[in-house]
Amino acid sequence: MKPLLSSRPVLWFLFLFNLAVAAAAPLVVDGNQGVMTSVGMGAVSLGAGVSLLRTRK
């Protein structure tokens, strides 16, 4: 599972998808749940972005 999750296409998908969900969550879901969803998805997106930078050739 680790080689799959650390491949560049998967990291790009995780980065972009989670970034889009983090941006849209407060608009779609009301209240605390939308904010917490945005924070969680933003953290996953940030982690994938850092991994993309660290594995850059």
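This is a predicted model: local features need pLDDT of at least 70, side-chain atom pairs count only at pLDDT 80 or more; totals for chains, interfaces and linings use all residues.
Tutor: Residues are numbered from 1 along each chain as its sequence is written, and side-chain values use heavy atoms, with hydrogens and water left out.

Student: Why are H2 and H3 called roughly antiparallel?

Tutor: They pack at an angle of about 155 degrees, with axes 8 Å apart. Axes here are lines fitted to C-alpha atoms, for helices over the stretch in contact, and angles run from 0 to 180 degrees between N-to-C directions. Under 35 degrees counts as roughly parallel, over 145 as roughly antiparallel, 65 to 115 as roughly perpendicular and the rest as oblique. The angle of about 155 degrees is over 145, so H2 and H3 are roughly antiparallel.

Student: Which residues make that contact?

Tutor: Among them are Trp12, Phe15, Asn18 and Ala22 of H2, and Ser38, Met41, Val44 and Ser45 of H3. Contact means heavy atoms within 4.5 Å. By class, there are 13 nonpolar, eight polar and one charged residues. Ala, Val, Leu, Ile, Met, Phe, Trp, Tyr, Cys and Pro count as nonpolar, Asp, Glu, Lys and Arg as charged, and the others, Gly among them, as polar.

Student: Why does Asn18 count as buried?

Tutor: Buried means under 20% relative accessible area, exposed over 50%, partly exposed in between (1.4 Å probe, protein chains only). Asn18, in helix H2, has 5% relative accessibility, so it counts as buried. Leaving out residues up to four places away in sequence, Asn18 touches Phe13, Met41, Val44 and Ser45. The C-alpha atoms of Asn18 and Ala43 are 8.7 Å apart, though 25 residues separate them along the chain.

Student: And how do you know that Ser38 is buried?

Tutor: Ser38 sits in helix H3 (residues 31-54). Its relative accessible area is 18%, which is under 20%, so Ser38 is buried. Ser38 touches Ala22, Ala25 and Pro26, again not counting residues up to four places away in sequence. Across the protein, buried residues make up 18% of the 57 residues.

Student: What makes Trp12 and Phe15 an edge-to-face pair?

Tutor: The structure holds two aromatic pairs. For Trp12 and Phe15, the values are 6.0 Å centre to centre and 80 degrees between the planes. Rings of Phe, Tyr and Trp (its six-membered ring) pair if their centres lie within 6.5 Å; planes under 30 degrees apart count as stacked, over 60 as edge-to-face and the rest as tilted. So 6.0 Å qualifies as a pair, and 80 degrees as edge-to-face. Trp12 and Phe15 are three residues apart in helix H2 (residues 8-28), so about one helical turn separates them. Trp12 is partly exposed at 39%, and Phe15 is partly exposed at 23%.

Student: Why is the pair of Phe13 and Phe17 called stacked?

Tutor: Phe13 and Phe17 are 5.4 Å centre to centre, with 10 degrees between the planes. That is within 6.5 Å and under 30 degrees, so the pair is stacked. Both lie in helix H2, four residues apart, about one turn. Phe13 counts as exposed at 53%, while Phe17 is partly exposed at 43%.

Terms used:
Helices (H or I, at least four residues) and strands (E, at least two) are DSSP runs, numbered from the N terminus.
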